[in-house]
Amino acid sequence: MSPEGIHRLYGPEAEANPRGLYEQLRQQHGAVAPVLLHGDHPAWLVLGHRENLEVMRTPSRFSRDSRLWTPFVQGKVAADSPLIPMVGWQPLCVFADGDEHARLRAAVTESLGQFNRQGVRRYVTRYTKQLVATFEATGQADLIRDYAERLPMLVMTQLMGMPEEGGPRLVEATLDLMKGSETALASNEYVTETLRQLVKRKSEKPGRDLTSQLIGHKSDLNEDEVVEHLRLILVAANETTVNLIANTLRLLLTDRRFRASLSGGQMTLPDALEQVLWDAPPLSVIPGRWATGDTKLAGKQIRVGDMLLLGLAAGNVDPDIRADLSAPVHGNRSHLSFSSGPHECPGQDIGRAIADTGIDTLLSLLPGLELSVPASELQTSAAWLSERVYSLPVRFKPQSSSGTEQPVAAAAPPKSQPLPDTAPVSTPIAEPDPLPASDRRWWSSLMFWR
């Protein structure tokens with residue numbers, strides 16, 4: 001806590017038990033609580049379910065344009081602040097309101113809308129078989145590293161129209177840059193140039209894919225806007241879907257009653273996903289919204305330019321709507337995990353299809369799947385924005401090859417030389433530091449596009 005008694009939402013103490021902190025704040029302040037972000041910048045954390053919906057659904061009062069934030073206006077945010085990658089304004093639909101938001105979002109939603117669940121499921125099944133083929137003969141795997149972290153992005157590269165042989169390389173480069181590794185700069189350049197080359201190819205020879213749809217959309221996106229929104233979709237879809245798959249697999253492997261309900265037919269896998277979306281949303285907190293004028297929310301005086309954080313995890317367990325957290329919520333989609341209002345997640349149906357089909361196929365391919373360590377030893381990767389299991393080591397009966405699918409060839413991220421193939425890049429930076437704010441801003445903010 002600060003000397004003034006305001007809780008910090010960052011740091012090891014806050015991140016050790018974020019859910020406990022949310023409930024402590026709820027007890028002290030009600031549905032909206034004052035908190036401090038990195039650099040001790042003040043913000044409001046919205047904890048109530050109804051209050052979150054109010055903020056999400058009234059852009060006239062709570063805008064997505066981060067340029068309204070008072071510390072930005074007053075020049076109080078340092079150039080190297082860790083908040084910059086998440087809230088620094090960019091010309092993307094995630095930071096737009098009104099007509100500009102409608103123009104950019106229409107291109108994204110209508111282009112994504114062309115894919116039916118059956119077509120997505122075919123890609124998911126194929127890549128699940130290919131990924132499983134890389135470890136099925138060993139009888140053991142880490143379902144996060146070997147499966148969950150790779151499946152969504154492999155599927156998305158195909159929806160984008162990427163040549164199949166280029167998918168694994170793009171996946172490895174994107175995962176590398178998101179970790180802020182010593183090769184992140186080279187990986188960033190590879191992803192950017194690969195997507196730009198894809199856009200140029202599809203401009204000359206369009207197909208029935210997401211890239212071609214964005215290029216030809218009536219919103220008339222320029223080349224830079226198409227590239228940036230492809231990158232937005234690629235990274236945002238991956239981060240949230242990985243977390244959804246990881247959290248669902250953890251529950252299946254650690255909660256016998258949950259797995260028994262699923263295997264016994266009392267609950268379908270889509271029902272299981274909705275339960276997880278209620279109890280362990282892919283993102284816990286989303287920054288943010290900014291007050292367009294002085295207003296009140298849950299009795300708190302909100303000033304113009306104040307930042308509000310959408311507390312998805314806290315809102316989903318609001319006692320006003322879920323008095324008994326043990327009661328099942330099968331089929332209930334009124335959770336906050338995909339947001340609501342003008343910025344509701346446009347790719348939620350694709351994310352559900354990837355998670356649903358992927359987990360179903362995985363379980364069918366690996367009979368007898370169980371944890372290879374005690375559940376108490378599972379480590380959780382928690383930050384102020386999200387929380388999921390870090391690793392899921394499992395064992396199962398070794399299997400022979402799953403049909404005719406060839407294993408996905410894991411492409412290593414760049415080391416000391418430029419990346420080959422489609423994108424010549426500069427030598428990676430030598431020190432294992434994250435990207436400079438100006439370079440990493442685009443990818444860090446992609447997870448917060450709701």
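Modeller: Arg-196 and Asp-224 form a salt bridge, their closest N and O atoms being 3.0 Å apart; the term requires a side-chain nitrogen of Lys or Arg within 4 Å of a carboxyl oxygen of Asp or Glu. The pair links distant parts of the chain, Arg-196 in helix α11 and Asp-224 in helix α13, 28 residues apart. Helices are DSSP runs of H or I with at least four residues, numbered from the N terminus. This is a predicted model, in which local features need pLDDT of at least 70 and side-chain atom pairs count only at pLDDT 80 or more, while totals for chains, interfaces and linings use all residues. Residues are numbered from 1 along each chain as its sequence is written, and side-chain values use heavy atoms, without hydrogens and water.

Colleague: Is Arg-196 buried or exposed?

Modeller: Buried means under 20% relative accessible area, exposed over 50%, and partly exposed in between (1.4 Å probe, protein chains only). Asp-224, at 47%, is partly exposed. Arg-196 has a relative accessibility of 17%, so Arg-196 counts as buried.

Colleague: Where does α6 bend?

Modeller: Helix α6 comprises residues 98-112. The bend is the angle between axes fitted to the seven residues ending at a residue and the seven starting there. In α6 that angle is about 25 degrees, at Arg-105.

Conventions:
Helices (H or I, at least four residues) and strands (E, at least two) are DSSP runs, numbered from the N terminus. The expected span of a helix is 1.5 Å times one less than its number of residues.
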